[in-house]
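Me: I am new to this structure and would like a close look at one part of the picture, namely the way that charged side chains pair up. Please take me through it slowly, and then show me what surrounds it.

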Amino acid sequence: MGTSVQVTPLSGAYGESPLCYLLAVDGFRFLLDCGWSDLCDPSQLEPLAKVAPTIDAVLLSHPDMMHLGALPYAMKHLGLSAPVYATEPVFRLGLLTMYDHFLSRWQVSDFDLFTLDDVDSAFQNVVRLKYSQNHLLRDKGEGIVIAPHVAGHLLGGTVWKITKDGEDVIYAVDFNHRKETHLNGTVLTSFVRPAVLITDAYNALNNQGYKRKQDQNFVDALLKVLASGGSVLLPVDTAGRVLELLLILDEYWGQRNLKYPIHFLTNVSTSTIDFVKSFLEWMNDSISKEFEQNRDNPFLLKNVSLIINKEELEKLGDAPKVVLASMASLEVGFSHDIFVEMANDTKNLVLFTEKGQFGTLARMLQVDPPPKAVKVTVSKRIPLVGDELKAYEEEQERIKKEESLKASRIKEEELKASHGLNAKASDPMTIDGSSSRKSSNAGSHFGANVDILIDGFVPPSTSVAPMFPFFENTAEWDDFGEVINPDDYMMKQEEMDYSMMHGSGDGLDGKIDEGSARLLLDSTPSKVVSNEMTVQVRCSLAYMDFEGRSDGRSVKSVIAHVAPLKLVLVHGSAEATEHLKMHCAKNSDLHVYAPQVEETIDVTSDLCAYKVQLSEKLMSNIISKKLGEHEIAWLDAEVGKEDEKLILLPPSSPPPPHKSVLVGDLKLADFKQFLENKGWQVEFAGGALRCGEYITVRKIGDSIQKGGAGSQQLVIEGPLCEDYYKIRELLYSQFYLL
């Protein structure tokens with residue numbers, strides 16, 4: 001049998017719930033994405049909770065909540081401890097997404113499912129990879145190679161290629177084949193005949209128009225509202241598709257010299273754009289080329305203001321404006337509050353650029369448009385005052401005393417235990433200073449030995465005259481003074497994170513904005529005040545698809561081109577999933593699977609794979625030729641056994657001669673240029689290359705139906721004249737002959 005492969009959806013099958021899948025490759029268990037919706041409902045993660053401790057590695061494909069939102073919670077509560085693999089943008093922008101989500105929740109509730117420390121802890125496990133970088137797993141994953149490739153949906157978005165024993169498993173969800181303002185299209189079409197392709201059916205029933213027309217319609221809709229004196233709210237994600245929208249608006253406003261203000265409002269907006277400015281190499285070729293030639297960074301937004309609190313927005317009053325605010329679901333965040341304020345004015349517009357998550361306010365408004373009345377909860381965190389503040393302080397003081405008393409009792413018990421083991425325990429003046437040193441170090445940010453008297457100090461009952469601990473300085477000295485240990489002055493990782501949170505450095509390494517950091521570090525006692533209210537939605541609502549995914553027609557074409565041996569469909573409505581499943585089964589010879597949540601399917605290849613070792617005696621007689629970064633050679637050998645392992649040995653008798661093999665992939669356009677450089681008159685005619693007066697070179701064969709570009713052949717047609725042999729010789733020179 002081939003490499004054993006099993007797939008189990010934990011979420012995101014026959015529905016649009018967050019993406020989370022279990023993939024087992026020869027017993028090595030991958031978690032493909034770890035998504036959560038903006039509702040943050042722990043019950044959604046029950047299937048994940050059953051398998052989280054057994055996960056060996058996590059692969060993240062995109063930097064948004066639907067792909068990685070449950071990672072901090074799973075690592076804190078569900079026992080997930082596996083290493084995480086992602087590209088640099090997914091790591092950075094995913095971190096900011098989680099920060100923004102926590103801050104949005106914390107400002108309106110006593111959110112306790114995870115903290116910013118939990119977010120940091122989760123993302124410290126991330127191993128960052130570059131596109132096309134092959135990463136060889138170790139230990140249990142020995143022999144498995146993973147590599148991220150361009151998905152084209154979000155910045156850093158990834159199609160994962162997982163290879164074992166020559167067989168490829170491709171995980172490609174939310175890909176986009178079209179080149180956009182800041183992203184290249186996916187490279188998924190470069191893969192041919194993988195053993196398994198796992199992809200989504202999200203857009204299987206949707207077809208899109210031309211991007212240029214779509215962008216123009218988008219801008220026209222905004223200008224129509226602004227010209228009539230209204231404002232526009234675009235509920236967006238933190239650091240995903242909003243980047244494309246910002247570039248479209250900034251470019252159009254600059255070209256037309258428009259004066260209507262545009263504001264990008266999240267808790268981490270400035271940090272988001274600062275990071276994105278440094279990720280140009282992850283964007284499309286046009287942006288990279290423009291930066292190399294003119295040092296022009298498109299994310300030096302000239303017509304967009306980056307703001308991190310709603311007060312800055314309120315200073316503008318009711319003037320017409322465009323506001324891009326998180327969250328896209330309207331459940332929490334700035335978008336929720338702004339929607340409540342704008343909903344009652346018929347001049348305003350709320351424009352959705354992505355389909356709302358199931359069960360959220362955004363989805364409800366899209367399904368049932370206004371005019372209508374909706375019930376919403378408006379919450380706000382306010383400082384405690386008066387009797388509430390006094391009661392809070394008294395409670396904190398009581399808790400502090402209880403903790404101090406408990407700590408002193410524990411310390412006393414430790415001292416009694418240590419005296420019982422110490423030969424000097426009879427001396428009532430002896431005090432063990434180890435615990436004092438430890439607690440002093442814990443209280444010092446840089447770990448120095450600083451001994452101080454703290455509130456709640458209680459002398460041990462065993463001491464007649466308790467004293468502060470004394471530590472003799474036993475440091476070594478040389479001609480230059482005290483000998484130091486450089487490790488004492490190295491900043492630890494947690495101290496670096498603390499410094500980065502405070503905005504130190506050049507601003508690019510900071511994880512959150514200064515305003516958000518002040519909000520978190522503010523120790524003023526506070527409470528959350530909530531108010532249930534009914535909002536009369538009289539503003540206009542509109543939906544334009546800017547989700548950046550391939551549409552149904554393109555998805556079908558890509559699947560046909562890739563032509564996997566087995567196809568697994570996930571993440572799409574039941575209708576869309578069944579439609580794509582039936583289409584692929586009807587129009588190709590694929591084995592198509594569409595598992596339900598927690599249903600395990602076996603997609604093990606029918607091919608047989610064996611591991612063989614090349615003997616030294618055989619390798620010494622091989623003459624290899626250079627082919628790009630690799631070396632190739634023709635090999636004749638016999639299979640034998642050595643120490644219960646298969647080994648290739650030199651043949652016992654002279655092998656029969658083999659036919660010549662041309663190795664390489666020549667494009668007719670490249671061959672045309674080559675012949676022209678040699679002085680030949682060449683032109684394309686009817687899909688073939690006409691060389692001189694009599695000779696034609698054409699490709700024959702259908703790579704899609706027969707399983708790859710290697711099934712195509714180059715054929716030379718024409719009379720056996722002098723030109724024929726010259727063209728053939730030049731053609732052969734473009735290949736490697738074995």
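Reply: A salt bridge is counted here where a side-chain nitrogen of Lys or Arg lies within 4 Å of a carboxyl oxygen of Asp or Glu. The model is predicted, so local features need pLDDT of at least 70 and side-chain atom pairs count only at pLDDT 80 or more, while totals for chains, interfaces and linings use all residues. Residues are numbered from 1 along each chain as its sequence is written, and side-chain values use heavy atoms, with hydrogens and water left out.

By that rule the structure holds 26 salt bridges, and one of them joins aspartate 56 to lysine 140, whose closest N and O atoms are 3.2 Å apart. The two partners belong to distant parts of the chain, 84 residues apart: aspartate 56 sits in the loop between helix H1 (46-51) and strand E4 (57-59), and lysine 140 in the loop between strand E7 (135-136) and strand E8 (144-150). Helices (H or I, at least four residues) and strands (E, at least two) are DSSP runs, numbered from the N terminus. Aspartate 56 counts as buried because its relative accessible area is 18%, whereas lysine 140, at 54%, counts as exposed; buried means under 20% relative accessible area, exposed over 50%, and partly exposed in between, with a 1.4 Å probe and protein chains only.

Another pair is formed by glutamate 244 and lysine 211, again with 3.2 Å between the closest N and O atoms. This bridge links helix H7 (residues 242-256), which carries glutamate 244, to helix H6 (residues 211-227), which carries lysine 211, across 33 residues of sequence. Glutamate 244 is buried at 1% relative accessibility, and lysine 211 is buried at 15%.

Glutamate 341 and lysine 310 meet at 2.4 Å, N to O. Because glutamate 341 lies in helix H11 (residues 334-342) and lysine 310 in helix H10 (residues 310-314), this bridge ties together parts that are 31 residues apart in sequence. Lysine 310 is buried as well, with a relative accessibility of 12%. Elsewhere, Glu16, Lys355 and Arg363 are linked in a network of salt bridges.

Leaving aside residues up to four places away in sequence, phenylalanine 218 touches Leu234, Leu245, Ile248, Leu249, Leu351, Thr353, Met544 and Phe546, where contact means heavy atoms within 4.5 Å.

Across the protein, which has 22 helices and 35 strands, residues 24 or more positions apart account for 72% of the contacts with a separation of 6 or more.
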